[in-house]
Amino acid sequence: MTVKSRFSRPRLRMTRFSSGPSPWFLWLDVSMMLIWGTLFLKYWLSGEILFLLHPNYVWLTIAAAFVLLGMAVFKVSQQLAQPASKFSSRRSQSVQHLSLLPKGWSNAILILVGLLGWFYAPQPFTSDIALQRGVTDTLMVTRLQPQSFRVSVNPEDKSITDWVRTLNVYPEPDAYQGDPVDVSGFIIHPPDLPDNYVMIARFILTCCAADAYPVALPVRLQGDRSDYAADGWFRVQGEMTTETLNGDRRLTIAATRLESIPQPRNPYDY
Amino acid sequence: MNQWSNALTLFFSLLVEAVPFLLLGVLLSSALLIFVDERRLIAAMPRHPLLGALAGGLFGFLFPVCECGNVPVARRLLVKGAPSSVAVGFLLAAPTINPVVLWATWTAFQHDPSIVFFRLGFSLLIATAIGWIFSAQVDLRPLLQSSVAHAVIPPSTSLLQSGTFMLGGSGQTISRFGANGAAITPPPRVTIGERLPLMVENMVQELRELGGMLVFGSAIASIIQVGVPRDVILSLGQGPVTSIIAMMVLAAVVSICSTVDSFFALSFASTFTSGSLLAFLIFGPMIDVKNIGLLLSVFRSRAILYLFVLAAQLTFLLTLGVNLYLN
């Protein structure tokens with residue numbers, strides 16, 4: 001694998017420290033850090049960060065925001081305090097870096113993307129993503145974390161996630177026949193189910209939206225599903241029953257009442 | 001419209017998750033640059049290629065960074081003249097062989113500690129092996145981006161030339177901070193107060209460069225995630241061989257940070273083979289779509305291809321052994 005070096009006689013040229021960084025680039029740096037620092041704070045203060053991250057990792061983003069803002073303030077104060085000590089000034093000016101992108105491009109990209117983040121409010125995932133990622137009632141992301149699994153919960157107090165976790169432990173649908181159900185989630189219209197069925201779903205996050213994983217239960221309606229728009233949030237009440245759907249025996253909610261509800265502040269489960 | 005919204009949410013989710021770790025990486029990288037005496041650091045490295053690669057792999061315990069943060073540190077090691085075996089061993093192992101990641105993996109897989117131990121052992125084994133292989137290339141500069149290559153101290157030069165750490169942007173010049181600004185001499189003693197501005201300056205520059213590449217990689221990962229149905233990938237994952245391939249592809253596509261990838265792998269624990277979960281946990285931190293962007297800031301594409309092929313082959317063979325003989 002040995003490759004002959006083209007650098008056997010490197011040209012070492014000395015930098016005289018005479019040309020410091022352009023103030024233009026300095027202010028681009030400061031702008032970039034201010035935009036991203038305040039963007040992270042905006043996500044945190046607006047609650048939008050819950051659409052992007054597991055709550056356990058929010059503190060990292062908040063810390064990053066303050067570090068970015070601190071660095072920006074430091075750079076500004078450094079600039080305003082110039083000329084600083086001769087030595088520091090010379091060395092600071094000499095700090096130049098390897099660059100894959102043309103000078104200024106990285107900053108331009110980061111600033112533009114940061115501004116996009118400011119103008120685009122993140123949205124929770126929709127049923128499109130749920131269908132794309134495969135709706136399931138058999139596998140739980142966090143089923144092995146005991147603090148999330150409460151076996152003593154009354155049936156009517158169980159969330160969709162609780163139901164699927166329970167089903168995962170004991171996957172016989174008939175065992176839950178007749179249990180009262182009161183769950184909330186968003187509606188999915190699976191193309192392979194009849195028109196009087198929808199699925200009530202939630203996304204589960206383990207760290208961030210990149211690994212969001214949908215879990216859902218089929219709901220047998222008393223009417224047609226066109227009355228219940230996909231992605232709409234509903235509270236579903238009824239009782240558990242067993243249905244054969246696409247050849248599989250599935251635990252299904254026989255709905256007696258569907259109530260439209262606003263999207264929760266935190267739409268994900270964990 | 002939904003697809004656009006979903007892709008943007010994914011994109012910002014990856015960035016919001018990754019930027020804190022990137023900051024941690026550039027912070028440690030800059031601390032290494034400014035506060036650590038590279039003469040002692042490099043002098044302490046074993047000269048033997050195999051031991052050097054092993055030491056580089058274990059170096060992650062000192063720098064608990066994920067694959068977003070290890071690139072600037074590895075780049076710094078290279079520029080400071082660390083042997084290629086050390087730098088490559090560190091690059092491949094550090095995202096896994098560090099206390100934060102091992103703690104997260106233990107939390108996720110405490111019901112199956114073998115996953116934790118195999119992840120640790122195989123990652124170190126693969127990183128050491130590849131670091132050893134790369135040591136055959138004594139002068140690594142032909143495999144580096146030219147801007148990095150010009151900054152690296154050549155092998156024939158003493159590795160103990162302190163203070164050689166800055167390079168020019170367009171001119172690829174090397175600045176040496178001797179007392180007269182021209183000689184290769186040890187730097188003058190500087191106080192913490194003088195080093196701090198340098199450290200912040202370095203952090204800003206690394207954040208700018210690597211942040212741009214992170215945006216690029218995250219955008220690609222988001223587009224692929226939204227554009228390619230995950231079912232297509234997962235439908236391949238039932239057999240001992242195909243499950244490993246599927247999880248390696250998924251690891252490369254999802255580009256999830258090694259600090260939290262155990263929880264993601266956990267979601268496949270009951271449907272995928274243990275070998276394939278290990279493949280996800282070992283291969284993902286080494287090579288994925290997101291950090292290829294970061295790697296491109298250091299290595300030429302040819303070197304990244306070597307890293308990719310070697311890491312993929314070794315991961316596949318080791319985890320296939322788990323599937324065939326230990327499951």
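Asp174(A) is partly exposed, with a relative accessible area of 41%. In this predicted model, the side chain of Asp174(A) meets that of Arg249(A) in a salt bridge, at 2.8 Å from N to O, and this pair is one of eleven salt bridges that the structure holds over all chains.

- Arg249(A) lies in strand β5 of chain A, whereas Asp174(A) lies in the loop between α6 (160-169) and β1 (180-188) of chain A, so the pair ties together parts that are 75 residues apart in sequence.
- The side chains of Asp195(A) and Arg225(A) meet in a salt bridge of 3.9 Å, N to O, and here the link runs between two loops of chain A, since Asp195(A) sits between β1 and β2 while Arg225(A) sits between β3 and β4, 30 residues apart.
- Within that pair, Asp195(A) is partly exposed, with a relative accessible area of 47%, whereas Arg225(A) counts as buried, at 11% relative accessibility.
- Through salt bridges that share partners, Asp182(A), Arg235(A), Arg257(A) and Glu259(A) are joined into one network.
- As a general point, side chains of opposite charge can pair when their charged atoms come close.

**Strand pairing around β3(A)**

- Strand β3 of chain A, which spans residues 213-220, is mostly covered, in that seven of its eight residues are buried.
- Strand β2 of chain A (residues 197-204) runs antiparallel to β3(A), and eight bridges join the two; within this pairing, Pro218(A) in β3(A) is the bridge partner of Met199(A).
- With strand β5 of chain A (residues 248-260), β3(A) pairs in the parallel sense over two bridges, and Val219(A) stands opposite Ile253(A) in β5(A).

- Leu112(A), Leu115(A), Trp118(A) and Phe119(A) make a nonpolar surface patch of about 460 Å².
- Among these residues, Leu112(A) is found in helix α4 of chain A, which covers residues 105-119, and Leu112(A) is exposed because its relative accessible area, 58%, lies over the 50% limit.
- Asn107(A) lies in helix α4 of chain A as well, but Asn107(A) is buried, with a relative accessible area of 1%.
- When neighbours within four places in sequence are left aside, Asn107(A) is in contact with Phe25(A), Leu28(A), Asp29(A) and Met32(A), and also with Arg208(B).

**Positive phi angles**

- Asp231(A), although not a glycine, has a positive phi near 80 degrees; Asp231(A) lies in the loop between β3 and β4 of chain A and is partly exposed, with a relative accessible area of 26%.
- Asn246(A) is also a residue other than glycine with a positive phi, in this case near 50 degrees, and Asn246(A) lies in the loop between β4 and β5 of chain A.

**Confidence in chain B**

- The mean pLDDT of chain B is 78, and 80% of its residues reach 70 or more.
- Over residues 156-187 of chain B, however, the pLDDT is below 50, although this stretch has 86 contacts in the model beyond near neighbours in sequence.
- Where pLDDT is low, the predicted coordinates should not be read in detail.

Key. Residues are numbered from 1 along each chain as its sequence is written. Chains are lettered from A and ligands numbered from 1 in the order in which they are written. Side-chain values use heavy atoms; hydrogens and water are left out. Patches are made of residues with over 30% relative accessible area and no salt bridge: like charges are joined within 9 Å, nonpolar side chains (Val, Leu, Ile, Met, Phe, Trp, Tyr) within 5 Å. Accessible areas come from the Shrake-Rupley method with a 1.4 Å probe; for residues, only the protein chains shown count as cover. A salt bridge is a side-chain nitrogen of Lys or Arg within 4 Å of a carboxyl oxygen of Asp or Glu. Helices (H or I, at least four residues) and strands (E, at least two) are DSSP runs, numbered from the N terminus. Buried means under 20% relative accessible area, exposed over 50%, partly exposed in between (1.4 Å probe, protein chains only). Two strands pair if DSSP finds at least two bridges between them. Contact means heavy atoms within 4.5 Å. pLDDT is the predictor's confidence in each residue, from 0 to 100.
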